[in-house]
Amino acid sequence: MESINLDTCRAILDQREMLAERIVARHYMLRPELASRYRDRDRSKCVADVKRNLEALSQSIGAARSALFVDYTAWAKIVLCSRGIPVEDLADSLEACRHTLADVLPLDQAAVTEQYILDGLSCLPVLPSVTPSYLSSDWPLADLARAYLDALLQADRRRASQLVMDAVQQGVPVRDIYLHVFQRSQYEVGRLWQQNEISVGQEHLCTAATQLIMSQLYAFIFGTERKHLRVVAACVGGDLHEIGIRMIADFFEMDGWDTFYLGADVPSASILQAVTDRQAHVLAISATLLSHVALVAEVIAVIRADAACRDLIILVGGHPFNVAPDLWREMGADGCATDALRAIDLAEQLMRQEAST
């Protein structure tokens, strides 16, 4: 990554509080009617929104990938439009951000931020205002996935669990339950929150219920013949979205690996200790949000500096790596997996390559 990008990233993060206040003040000065239009929306919420914009902008610049900021802009557009906030307000806020950063940052850093913001603004008019459902009728196990999600949304964990257990007893592979029921329904839950159709509480309830039901399937997962291969799986510090990496760990377990799942928000030092204590062959790291990408690089740097981890294979995954498919290389990882099946295939492929050298 270029030093100017890293310097710009740090400059924005270091001044984020002050910048957010100035950006909101500029926006309200240019659009005086906002004060009356958003009288029920506390000004502090506007500042919080701008701070999220700055976080996304800084991390995109630090990763040297404008596609990440465009993707964030697309997400923000849907979130705001679904809550009755016109897309023009987002555009004006980004313009206020562009001008404020030009006033505050050195010329070379301001030039970088301007290009990233302009990339987001240029795409904004054509970005969608809604996200299509993830539960398409032509998807495998579509009826089961829909019934399962309906049970979750009605807070009926018992019925959701029974649907899954009945399907497994009838011969549906656990892997298919994970991929086509749990994963697709979680995507749909996220979409429903983004479009303001369910609350944060409902989203958390659905996730917690799925994690509970996953644990009920462990009798089917842990019976696989062992390969005597070990994988540590973890979310980086600050990342609380653990269900995706838990699915990855369970798929490795189903494939005969011995898995050590560390969960959410794991400090770099704890991940290093786990891979050394367990003599892991593979480390799988998840970064769900753009704000977690820098911590992935930090974890990898810590591990690569330890001689005991010289042969460790490091795989990364998560939404930012799907948006920027080559980003894993600059993080220092050995590969990137878009789903659990790909993670296993890639891990074993890399191990074969390592054994042959």
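Predicted model: local features only at pLDDT ≥ 70, side-chain atom pairs only at ≥ 80, totals over all residues.

Residues are numbered from 1 along each chain as its sequence is written, and side-chain values use heavy atoms, with hydrogens and water left out.

Two packed helices are described by the angle between their axes and the distance between the axes. For α8 (residues 142-153) and α11 (residues 200-216), the angle is about 120° and the axes lie 9 Å apart. Here axes are lines fitted to C-alpha atoms, for helices over the stretch in contact, and angles run from 0 to 180 degrees between N-to-C directions. Helices (H or I, at least four residues) and strands (E, at least two) are DSSP runs, numbered from the N terminus.

The crossing of α8 past α11 is right-handed, a term for a near helix turned clockwise from the far one by less than a right angle, anticlockwise being left-handed. Contact, meaning heavy atoms within 4.5 Å, brings Y148, L152 and L153 of α8 against Q202, L205, C206, A209, T210 and I213 of α11. Seven of these contact residues are nonpolar, two are polar and none is charged. In this scheme, Ala, Val, Leu, Ile, Met, Phe, Trp, Tyr, Cys and Pro are nonpolar, Asp, Glu, Lys and Arg are charged, and the others, Gly among them, are polar.

Which strand is largely enclosed by the rest of the structure? Strand β3 (residues 282-286) is, because five of its five residues are buried; buried means under 20% relative accessible area, exposed over 50% and partly exposed in between (1.4 Å probe, protein chains only). V282, A284 and S286 cover one side, and L283 and I285 the other.

Strands pair if DSSP finds at least two bridges between them. Strand β1 (residues 230-236) runs parallel to β3 and is joined to it by five bridges, with A234 opposite I285. Strand β4 (residues 313-317) also pairs with β3 in the parallel sense over five bridges, and G317 in β4 is the bridge partner of S286.

A155 belongs to the loop between α8 and α9 (157-169) and is partly exposed at 46% relative accessibility. D265 lies in strand β2 (residues 258-266) and is partly exposed, with a relative accessible area of 39%.
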